[in-house]
Amino acid sequence: MEEEFYATIKLVSGEEIVSKVCYLPDEDKILLDKPLQVEHAKQKKGHVEVTGFTFKEWVSATFEDMFVIRRDHVLTMLELDNEILEFYEKSVRKIESGRHLTGRGNKLPRA
């Protein structure tokens with residue numbers, strides 16, 4: 001297993017995600033820890049439209065935080081700069097806090 005780092009990743013599907021990443025050379029795969037999908041955002045401030053981005057959960061219908069993808073599903077990967085890393089970490093904390101408040105992350109009772 002290689003060294004971990006934080007990256008923005010563009011997938012062949014067109015999705016852009018931000019995650020802690022570790023390359024698994026023996027399997028030629030990438031381990032993603034707490035991946036978040038990048039979503040474009042627009043906001044009007046007076047007569048000026050400001051564009052930017054926000055993060056949302058990449059895979060919502062799971063309690064898992066780690067995912068393995070094949071390396072050939074990645075178009076490009078760039079290490080995060082500090083400002084985006086701080087925004088990512090803040091977003092992860094918000095999402096985890098929301099899971100805690102709603103009870104998500106606990107096993108659901110069987111019907």
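A nonpolar core here is a set of buried Ala, Val, Leu, Ile, Met, Phe, Trp, Tyr and Cys residues joined through side-chain atoms within 4.5 Å, where buried means under 20% relative accessible area (1.4 Å probe, protein chains only). The model is predicted, so to speak of local features takes pLDDT of at least 70 and side-chain atom pairs count only at pLDDT 80 or more, while totals for chains, interfaces and linings use all residues. Residues are numbered from 1 along each chain as its sequence is written, and side-chain values use heavy atoms, with hydrogens and water left out.

Let's start with the largest nonpolar core: its 11 residues are A7, I9, L11, I17, V21, I30, L32, W58, F67, I69 and V74. Strand 1 gives the largest share, 3 residues. Apart from this core sits another, with 8 residues, including V18, V38, L80 and V92.

Look at I69 next. Beyond its neighbours within four places in sequence, I69 is in contact (heavy atoms within 4.5 Å) with L11, K29, I30, L32, W58 and V74.

S19 counts as buried because its relative accessibility is 0%. Its side chain reaches the backbone oxygen of D33 at 3.0 Å. Not counting residues up to four places away in sequence, S19 touches F5, Y6, A7, L32, D33, K34, P35 and Y88.

Y6 and Y88 also turn up among the rings: ring pairs (centres within 6.5 Å) link Y6, F53, F55, F87 and Y88 into a cluster. The whole structure holds 6 aromatic pairs.

Key. Buried means under 20% relative accessible area, exposed over 50%, partly exposed in between (1.4 Å probe, protein chains only). Helices (H or I, at least four residues) and strands (E, at least two) are DSSP runs, numbered from the N terminus. A polar contact is a pair of N or O atoms within 3.5 Å; within protein, one must be able to donate a hydrogen and the other to accept it, and residues adjacent in sequence count only if both atoms are side-chain atoms. Rings of Phe, Tyr and Trp (its six-membered ring) pair if their centres lie within 6.5 Å; planes under 30 degrees apart count as stacked, over 60 as edge-to-face and the rest as tilted.
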